[in-house]
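Welcome, and please have a look at the model shown here. The notes that follow walk through some of its parts.

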Amino acid sequence: MAQRLRVRYAKRGRLRFTSHRDISRAVERAVRRADIPVAFSAGFSPHPRISYAGAAPTGVASEAEYLEIAVTRPCRPQELRAALDASLPPGLDVLDVVEARAGSLADRLEGSLWEVRLPGADPAAAESAVKEFMTAGEVAVERLTKKGMRNFDARGAVASLTADQDDHVEGGPNQSCVILRMVVRHETPAVRPDDVLMGLRLVADFAPPSPPSVTRLAQGPLDASTGEPADPLEADRVGGDQ
Amino acid sequence: MSVESLFPRLEALLPKVQKPIQYVGGELNSTVKDWDEATVRWALMYPDAYEVGLPNQGVQILYEILNELPETLAERTYAVWPDLERLMRAEGVPQFTVDAHRPVRAFDVLGLSFSTELGYTNMLTALDLAGIPLSAADRGPDDPIVLAGGHAAFNPEPIADFIDAAVLGDGEQIAIAISEVIREWKSEGEPGGRDGVLLRLAETGGVYVPRFYDVEYLPDGRIKRVVPNRSGVPSRVFKHTVMDLDEWPYPKKPLVPLAETVHERFSVEIFRGCTRGCRFCQAGMITRPVRERSITTIGAMVDNGIRESGFSEVGLLSLSSADHSEIGEVAKGLADRYEGSNVSLSLPSTRVDAFNIDLANEFSRNGRRSGLTFAPEGGSERMRKVINKMVSEEDLIRTVTTAYSQGWRQVKLYFMCGLPTEEDVDVLGIADLARKVIQAGREATGSRDVRCTVSIGGFVPKPHTPFQWAAQADHETVDRRLRELRNTLRNDKQYGKAIGMRYHDGKPSIVEGLLSRGDRRVGKIIQAVWEDGGRFDGWSEHFSYDRWMACAAKALDGEPVDVDWYTVREREEHEVLPWDHLDAGLDREWLWQDWQDAVNDVEVEDCRWTPCYDCGVCPTMGTEIQIGPTGRKLLPLTVVS
């Protein structure tokens with residue numbers, strides 16, 4: 001293995017319905033189409049050495065997904081970015097590539113900034129539900145997982161949560177849209193935006209009238225001054241000749 | 001008239017369904033053309049779940065060919081799972097295409113590819129969700145022409161009431177021709193309306209319009225005759241055969257799905273047709289003659305397909321791939337080209353001989369030697385003569401001995417149960433064969449680490465085969481024989497543990513038999529089953545034998561026929577069969593003679609290597625056998641890292 005490259009990519013529009021497995025198959029094929037000299041694991045059935053960190057759930061869009069790819073000969077990050085992007089279907093878009101330096105990428109992904117759009121929701125009700133949620137010490141929610149129903153606290157991991165109103169909505173002039181922005185720390189068990197939405201319903205009976213549209217805007221080390229995730233690839237760029 | 005995308009309405013439903021990615025389209029190499037710039041618009045449907053339908057070669061080829069025509073556009077639609085169907089009904093979202101999410105009813109043609117009859121109920125779901133009347137007679141000027149193709153369309157009579165037209169055989173040229181007929185008809189202001197265009201299609205003799213034919217019955221329920229009911233409609237409809245496959249190197253731009261599908265590989269059809277003459281095999285009878293792709297075209301298609309798709313596996317498809325006249329060169333050339341590249345090659349449909357092991361060895365250069373599959377089909381020597389599968393026990397043992405001694409550890413053997421003239425002893429012969437295979441493997445390797453799996457399917461007599469007259473075995477008999485076979489293997493102390501057995505119960509085969517050899521009266525059963533909730537009949541978790549039988553009893557009430565009449569009844573030589581007016585080129589007298597030969601254990605050779613035995617196809621269709629060798633070689637033309 002000559003080099004490891006870290007890739008930030010987006011999952012947009014209808015491609016937000018891809019599962020993690022769908023994405024890994026698409027990336028493997030794109031790597032092959034783009035003639036990227038990916039390294040393979042040794043052993044009986046060799047696999048391309050591509051690893052994924054903190055993938056967003058199926059149905060959730062993201063501007064900040066990360067993967068790491070090992071190659072057998074050095075590649076220029078910008079060339080790899082263009083080649084990989086051209087080989088992926090539109091909607092899986094490569095945004096940034098850097099050469100990996102010391103440290104684990106996964107360890108830098110401390111939290112995520114999520115945007116949740118709630119078309120048709122009542123702004124005042126949203127605001128008071130958010131207030132109620134944030135003042136609660138603990139909000140127990142449940143979610144159906146592969147291991148059955150699980151109960152856990154949705155409040156502790158939420159570093160910040162705000163509700164705003166969007167006046168420029170496609171649905172027409174009478175259609176209001178509430179936008180929730182939340183910073184959620186990556187803890188175990190993982191708290192997802194839909195867990196927070198369930199928490200809002202439990203504490204304040206706040207239930208949006210149509211399915212929420214969720215986007216991860218960023219993930220990375222939580223910046224103490226802004227309270228939001230910073231660029232996790234910054235540490236790889238320092239001193240690098242990008 | 002422009003058509004709006006249904007996607008915003010569908011999108012709201014997707015968070016609530018399983019595997020939503022299958023409904024969003026956007027596959028690599030998929031095409032969305034401008035609606036208003038096209039004159040003829042096709043919705044192509046594979047009537048099963050996306051994961052099964054997406055890889056289908058027929059649909060991919062037609063999709064690409066039609067989209068290459070300047071005034072034609074083609075999009076794809078698949079069967080939606082019951083969870084989405086419920087939501088679509090509740091929200092009034094109609095059947096949509098996955099490409100641009102346009103409503104299926106807005107298209108000019110809804111083309112359905114039926115590889116199997118078990119997709120019929122899914123067709124009704126799609127029609128109903130689309131807002132297209134189920135009965136062709138009820139359709140108006142705003143409804144698409146519902147067109148059936150695929151192997152099941154060689155007897156479309158059970159779905160005659162639901163389709164407007166059917167096409168037999170290779171689709172490439174006839175799809176283009178149909179598009180042209182519709183384009184002309186539209187440019188002339190659609191004279192004669194719906195019947196006008198159907199008549200133009202029927203007059204060519206290459207498109208079957210069931211509505212233009214009347215079926216008359218005898219008092220005992222047999223068919224008296226099938227006759228055209230208007231002038232200009234030919235009394236027989238012929239199948240289509242593409243000659244020179246090198247001229248049609250599709251798919252050039254294989255569809256690469258985001259969702260996981262049943263075949264995650266790029267497939268190249270290395271030849272069409274098969275003249276091995278296996279009597280049970282409908283595909284081998286209706287796709288004659290053999291037409292090979294040349295070694296150089298195959299090489300170019302593989303190279304292009306891997307580049308365009310990014311797939312890591314290549315499958316060389318055909319009905320019996322080892323029979324390609326230059327398969328040795330193809331295998332070696334491709335294995336050389338992709339050695340050390342993580343591109344793997346596979347060759348489904350293998351035959352029983354040592355040469356085949358050489359091929360498998362070439363293809364496994366990049367990977368492990370795990371399992372090899374052979375299809376003796378019949379458990380006894382006599383049975384194999386009846387079905388004309390010319391494999392002797394000696395051949396089989398010699399072949400598996402070679403396989404085991406060259407490092408293969410697992411051999412899978414395919415068989416059928418319920419074949420004509422079959423007795424218990426023929427099925428128990430499968431156990432004997434499997435034991436001998438293990439014994440040979442242990443001797444060849446000096447190890448007990450060898451396995452054999454026998455996989456057994458129920459035989460269903462098919463139209464246009466010598467067995468079209470045969471009585472299908474009832475499911476009790478099939479189940480009893482399989483049970484005895486299983487007990488015999490289980491009780492075998494010496495070899496039993498090394499032998500696996502896979503099989504299904506015999507009931508689904510009876511429904512398949514009903515749909516395969518049914519006539520127009522069977523349509524009522526299909527509709528009743530669908531109305532009762534029947535969906536996805538090819539999936540054991542959705543299939544209900546009891547529902548089919550209950551609906552059949554009701555639908556056929558008052559008719560002189562029942563399910564047994566369609567399935568377990570042997571036919572007389574001169575009985576009019578529902579598909580007799582549909583011509584696959586096979587001479588009916590030759591088929592009957594072959595049926596008699598079957599009963600008398602008489603074998604027939606392959607006409608590629610022996611003189612013509614007058615099956616009738618080539619003179620009727622104006623076709624000829626196209627095989628190599630060309631003598632050309634594959635060059636290692638690319639370096640794939």
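## A helix and its surroundings

What do the buried residues of α13(B) pack against? They pack against α11 (354-363), β14 (371-377), β15 (410-417) and α14 (424-445) of chain B. Here two residues are in contact if their C-beta atoms, placed from the backbone, lie within 7 Å, and a residue is buried if 20 or more other C-beta atoms lie within 10 Å of its own, exposed if 12 or fewer, and partly exposed in between. Helices (H or I, at least four residues) and strands (E, at least two) are DSSP runs, numbered from the N terminus.

Before going on, please keep in mind that this is a predicted model, in which local features need pLDDT of at least 70 and side-chain atom pairs count only at pLDDT 80 or more, while totals for chains, interfaces and linings use all residues. Residues are numbered from 1 along each chain as its sequence is written, and chains are lettered from A and ligands numbered from 1 in the order in which they are written.

## Inside α13(B)

Helix α13 of chain B covers residues 393-405. The buried residues are B:L396, B:T399, B:V400, B:T402, B:A403 and B:Y404. Just after the helix, B:G407 has a positive phi of about 105°.

## Packing with α14(B)

α13(B) and α14(B) pack at about 40°, with axes 8 Å apart. Axes are lines fitted to C-alpha atoms, for helices over the stretch in contact, and angles run from 0 to 180 degrees between N-to-C directions. The crossing is right-handed, a term used when the near helix is turned clockwise from the far one by less than a right angle.

On the α13(B) side, the residues that meet α14(B) include B:L396, B:V400 and B:Y404; among those on the α14(B) side are B:L433, B:V437 and B:A440. By class, this contact has eight nonpolar, four polar and two charged residues. Ala, Val, Leu, Ile, Met, Phe, Trp, Tyr, Cys and Pro count as nonpolar, Asp, Glu, Lys and Arg as charged, and the others, Gly among them, as polar.

## The sheet beside it

β14 and β15 belong to an open, parallel sheet of four strands in chain B, ordered β14-β15-β16-β17. Its edge strands are β14 and β17 (499-503), each pairing on one side only; strands pair if DSSP finds at least two bridges between them. Neighbouring strands are turned by 20° against each other on average, direction ignored.

Five bridges link β14(B) and β15(B), and B:L372 stands opposite B:V411. Helix α15 (475-490) of chain B lies across β15, β16 (451-458) and β17, at about 165° to β17(B).

## A hairpin and the chain contact

In chain A, β6 (140-145) and β7 (148-153) pair in the antiparallel sense over six bridges. A hairpin of two residues joins them, and A:R143 has A:R150 as its bridge partner.

Where the chains touch, chain A brings 24 residues and chain B 20 residues. Helix α1 (20-33) of chain A gives the most to the chain A side, with eight residues. That side has ten nonpolar, six polar and eight charged residues.

Notes. The expected span of a helix is 1.5 Å times one less than its number of residues.
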